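Work through the exercises below with the structure open. Each task is followed by its solution.

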Amino acid sequence: MSRDHVQSAERPADGVEARASSADAPFLELLARGAPADAYERPVLLARAEGRPAERIEALERAKLLALRVRSELEGRRRREAELSALFETAHDLAGLRDLDAVLQAIVQRARSLLGTDVAYLSLNDPVRGDTYMRVTEGSVAARFQQLRLGMGEGLGGLVAQTARPYVTDDYFKDARFQHTAAIDAGVHDEGLVAILGVPLMLGANVIGVLFAADRRARVFEREQIALLGSFAALAAAAIDTANLLTETRSALAGLERANEIIQDRSGVIERASDVHDRLAELVLRGGGVHDVAAAVSQVLAGTVEFTEATAAPAEALEASRAEGHAVRHRDDWIAAVTAGGELLGALVLRGHPGLDPVDQRTLERAAMVTSLLLLARRSAAEAEQRVRGELLDDLLDARDRDPRLLRERASRLQADLDATHVVLTARLDAAPADADQEADARRRLWSAASHLAATRHGLAAARDGGTVLLLPLARGDTATDLARRTARHLGTAVHEAVTVGASAPVEDLAARPDAVAAAYAEGRRCLDALRLLGRSGDGAAAEDFGFLGLLLAGDRDIAGFVDRTIGEVVAYDERRGTDLLRTLDAYFACGMSPARTKDALHVHVNTVAQRLERVGRLLGDDWQSPARVLEIQLALRLHRLSAPSQH
């Protein structure tokens with residue numbers, strides 16, 4: 001082949017190459033300035049309008065397609081770069097997580113921006129209520145939509161949460177794949193949403209919520225957009241998991257701090273408990289008393305602790321403490337019962353200390369236990385003295401030792417004064433014991449309480465005839481009845497059972513007349529039997545409380561005392577005024593309590609009888625004509641006449 005032929009063959013190739021290069025030029029310019037896709041049709045349309053050759057138009061078409069492909073690749077790369085940048089920024093936010101709501105809001109904002117949707121929102125599952133609720137929204141304008149709660153399986157989001165798979169709809173209201181409800185449809189309608197994409201938020205295999213992107217017009221979401229929203233959902237789930245871990249960590253740290261505070265506080269309390277233990281042990285070893293224990297505990301608890309008798313403590317709180325075996329709060333105080341073998345010995349009272357630490361409460365309870373031990377020890381020492389007191393009272397009751405000097409000496413050693421006026425009291429428990437052992441235990445407790453009372457009142461006590469007998473001094477201005485009632489209350493409180501007490505009339509000169517004690521004891525027993533027969537269990541009384549029946553109960557038949565108590569005011573009035581009220585009373589009763597017949601018997605006017613009876617009523621009381629009083633008054637009138645000196 002000749003050289004010229006070769007050259008002629010090469011020229012067409014150069015021409016084609018030149019034409020191709022000239023066809024690429026306008027599209028390169030479009031790519032360079034980032035023109036929109038429809039701008040790439042203009043070079044082809046211009047060439048056709050200018051009537052360019054078909055080869056030129058064909059070259060332009062090929063160049064256009066290649067440029068559009070390059071443009072698509074460039075846009076995809078830019079989009080992926082933006083997506084990666086957004087994901088990186090979100091991950092960076094997650095790494096410096098401080099506010100979960102702020103991170104979730106940023107995720108929803110970026111998802112909406114990158115997908116170019118009108119609205120983006122995120123819902124979370126509520127395991128307590130078993131549904132899903134809106135947590136974050138971006139672009140939403142409807143209040144009802146922002147407050148929606150979706151049941152599991154309801155709406156598009158409910159379907160995503162139930163199946164753990166992404167779901168997309170290009171027309172929400174025409175999609176029958178998920179359950180429509182009035183509440184959800186109303187919220188979606190208010191927001192004006194049409195196309196919705198939802199992807200699950202997963203923690204492991206569990207769905208914790210749903211991330212949504214939605215438009216207010218029909219739209220088809222591409223596979224890449226679904227994947228991108230899934231990436232944001234993964235970051236949101238990680239943010240929630242991180243926040244939960246941070247919350248648990250903070251909670252654990254707070255718990256550790258609180259535990260450390262408690263340990264430090266417990267350490268101080270334990271030191272105080274150890275201190276009080278050492279002090280109480282020292283008190284027991286050196287023979288301290290109950291008030292020493294109270295003083296020691298007061299110092300440790302930084303309060304005022306007092307030992308009180310059972311009768312002085314609040315009854316309800318004291319009984320609760322005895323039953324529970326613990327100190328109980330009573331208003332601003334704490335009460336710890338001091339007990340031994342079921343017997344209530346008293347109470348430790350912590351004053352004005354309403355807020356008491358449990359360890360300090362146990363300290364108070366331990367002090368109450370030590371107090372009971374000290375009281376028992378003191379009681380053991382006192383029981384010997386009590387036995388001696390009982391022996392002296394037994395001798396007085398049995399009149400074994402009639403030497404007044406020896407009786408006084410024995411009594412003096414027990415700090416008792418036999419020359420003082422005394423009352424003999426007999427006490428018995430009223431509850432029927434279940435068996436012999438319980439009966440013996442009840443009698444022992446009664447004797448112990450009576451002995452303690454006798455020792456504190458400078459008297460004597462002894463067990464006798466199935467009960468207890470006491471010889472107690474009578475204070476000035478006091479009566480046998482008052483003493484009997486106080487003794488019944490005191491013993492009943494001490495043994496937690498009803499105790500009935502019968503009292504004798506006051507007796508004197510016991511050392512010179514030891515037989516008077518036996519007679520007074522018999523009188524007290526008769527009063528005790530009368531109380532029980534009258535159904536007055538748990539009470540105390542003396543013979544003088546039974547009216548004329550007291551004459552039958554009294555050992556010395558105090559007739560003068562009965563007359564004085566019954567009509568003494570009338571007798572005294574007649575003696576002072578020289579009136580005839582006693583004679584009028586005699587006639588009144590003799591005439592069947594008829595004023596008309598009485599005036600005939602006395603030969604006076606009926607008004608005179610009425611005036612005298614009115615005076616009697618003022619002296620004896622308004623109930624003087626009641627059947628019981630009438631009987632006593634008539635008996636007293638007769639005894640008065642019998643005891644009056646004969647007039648010759």
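**Exercise 1: An aromatic pair**

In this predicted model, Phe589 has a relative accessible area of 12%, so Phe589 is buried. Tyr588 is buried as well, with a relative accessible area of 5%.

Task: classify the ring pair of Tyr588 and Phe589 by the angle of its planes.

Solution. A search of the whole structure gives seven aromatic pairs. In the pair of Tyr588 and Phe589, the ring centres are 5.8 Å apart and the planes stand at 55 degrees. Planes under 30 degrees apart count as stacked and those over 60 as edge-to-face. The pair is therefore tilted. Elsewhere, one aromatic cluster is formed by Tyr121, Phe145 and Phe212.

**Exercise 2: Helices α19 and α20**

Task: describe how α19 (residues 595–602) packs with α20 (residues 606–620).

Solution. The angle is about 105 degrees, and the axes are 8 Å apart. Angles of 65 to 115 degrees count as roughly perpendicular, so α19 is roughly perpendicular to α20. On α19 the contact uses Pro595, Thr598, Lys599 and Leu602; on α20 it uses Val606, Val609 and Arg612. By class, these are four nonpolar, one polar and two charged residues.

**Exercise 3: Helices α13 and α14**

Solution. Arg445, Leu446, Ala449, Ala450 and Leu453 of α13 meet Thr487, His490, Leu491, Ala494 and Val495 of α14. Seven residues of this contact are nonpolar, two are polar and one is charged.

Key:
Residues numbered from 1 in each chain as written. Predicted model: local features only at pLDDT ≥ 70, side-chain atom pairs only at ≥ 80, totals over all residues. Heavy atoms only, no water. Axes fitted to C-alpha atoms, helices over the stretch in contact; angles between N-to-C directions. Helix = DSSP H or I, 4+ residues; strand = E, 2+ residues; numbered from the N terminus. Parallel < 35°, antiparallel > 145°, perpendicular 65-115°, else oblique. Contact = heavy atoms within 4.5 Å. Nonpolar A, V, L, I, M, F, W, Y, C, P; charged D, E, K, R; others polar. Phe/Tyr/Trp six-rings, centres within 6.5 Å; stacked < 30°, edge-to-face > 60°. Buried < 20%, exposed > 50% of the residue type's maximum accessible area, 1.4 Å probe, protein only.
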